[in-house]
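Work through these exercises with the sequence and the 3D view side by side. Try each task before you read its solution.

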Amino acid sequence: MRWLLAFLFGAVFGAAGGVALGFFLFPFVFPPPPATETLQASNDSRLVAKGTFIHANPSDPIHYGSGGVSVYSDTVFLNEDFEVGPGPKYHVYLVPKASIRSSADVEDTMFVDLGQLRAFQGSQNYTIPAGVDLNLYQSVVIWCEHFSVLISPADLDFET
């Protein structure tokens with residue numbers, strides 16, 4: 001009887017662990033194709049700022065990013081050279097703080113969530129909600145909502 005309970009216990013926890021591991025590994029094994037969106041800013045849209053995504057913690061080989069980002073008055077555009085390491089439930093945030101280098105720098109801020117990242121590579125558009133004062137936001141951040149981890153920040157240089 002004991003071996004049957006041990007077998008059932010192991011089967012249930014093994015299956016649950018396998019499903020959880022599958023959800024975690026899915027984006028690594030089956031990443032979406034690179035994005036190839038074109039800039040969709042409106043006719044009255046103007047370039048507000050530019051930045052470059054960085055590898056905030058070089059000792060962390062999983063959470064990295066690179067490539068450019070352009071912020072227009074109504075759109076955040078991840079440039080063609082954009083790339084981040086794959087993972088679950090990444091989002092694009094506007095953050096009202098400069099020099100983001102750790103997860104703690106994002107957690108206590110009133111960021112603007114622009115939506116879930118659609119691809120780990122390539123050009124993508126994210127609409128900025130109406131009424132957002134871009135002068136208050138000094139960074140664009142790729143954030144893992146699933147694990148509350150900073151993936152890659154980009155400090156913004158505002159156009160004059």
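**Before you start**

This is a predicted model: local features need pLDDT of at least 70, side-chain atom pairs count only at pLDDT 80 or more, and totals for chains, interfaces and linings use all residues. Residues are numbered from 1 along each chain as its sequence is written, and side-chain values use heavy atoms, with hydrogens and water left out.

**Exercise 1. Find where confidence is lowest and where it is highest in the protein.**

Step 1. Recall the score. pLDDT is the predictor's confidence in each residue, from 0 to 100.

Step 2. Take the whole protein. The average pLDDT is 88, and 87% of the residues score at least 70.

Step 3. Helix α1 (residues 2-29) has the lowest confidence, with a mean of 70. Strand β6 has the highest, at 98. Helices (H or I, at least four residues) and strands (E, at least two) are DSSP runs, numbered from the N terminus.

**Exercise 2. Describe the largest nonpolar core.**

Step 1. A nonpolar core is a set of buried Ala, Val, Leu, Ile, Met, Phe, Trp, Tyr and Cys residues joined through side-chain atoms within 4.5 Å. Buried means under 20% relative accessible area, exposed over 50%, and partly exposed in between (1.4 Å probe, protein chains only).

Step 2. Count. The largest core has 26 residues. V76, L94, L117, V140 and I142 have the most contacts inside it.

Step 3. Trace the suppliers. Strands that each give at least two residues to this core include β2 (47-53), β3 (65-72), β6 (90-95) and β10 (149-158).

Step 4. Look for another core. One of eight residues lies apart from it; A56, V95, V141 and L150 are among them.

Step 5. Zoom in on V140. Not counting residues up to four places away in sequence, V140 touches F53, V69, V71 and V76, among others. Contact means heavy atoms within 4.5 Å.

**Exercise 3. Which side chain makes a polar contact with the side chain of S70?**

Step 1. Locate S70. It lies in strand β3.

Step 2. S70 is buried, at a relative accessible area of 6%.

Step 3. Name the partner. The side chain of N79 makes the polar contact, at 3.4 Å. A polar contact is a pair of N or O atoms within 3.5 Å; within protein, one must be able to donate a hydrogen and the other to accept it, and residues adjacent in sequence count only if both atoms are side-chain atoms.

**Exercise 4. How many salt bridges does the structure hold?**

Step 1. Side chains of opposite charge can pair when their charged atoms come close. A salt bridge is a side-chain nitrogen of Lys or Arg within 4 Å of a carboxyl oxygen of Asp or Glu.

Step 2. Give the count. The structure holds four.

Step 3. Take K89 and E145. Their side chains meet at 4.0 Å, N to O. K89 is in the loop between β5 (83-84) and β6, E145 in the loop between β9 and β10, 56 residues apart.

Step 4. Take D155 and R101. Their bridge spans 2.8 Å, N to O. D155 lies in β10 and R101 in the loop between β6 and α2 (104-107), so the pair ties together parts 54 residues apart in sequence.

**Exercise 5. Is Q138 buried or partly exposed?**

Step 1. Read the accessibility. Q138 counts as partly exposed because its relative accessibility is 25%.

Step 2. Compare sequence with space. Q138 and L94 are 44 residues apart in sequence and 7.7 Å apart in space, C-alpha to C-alpha.
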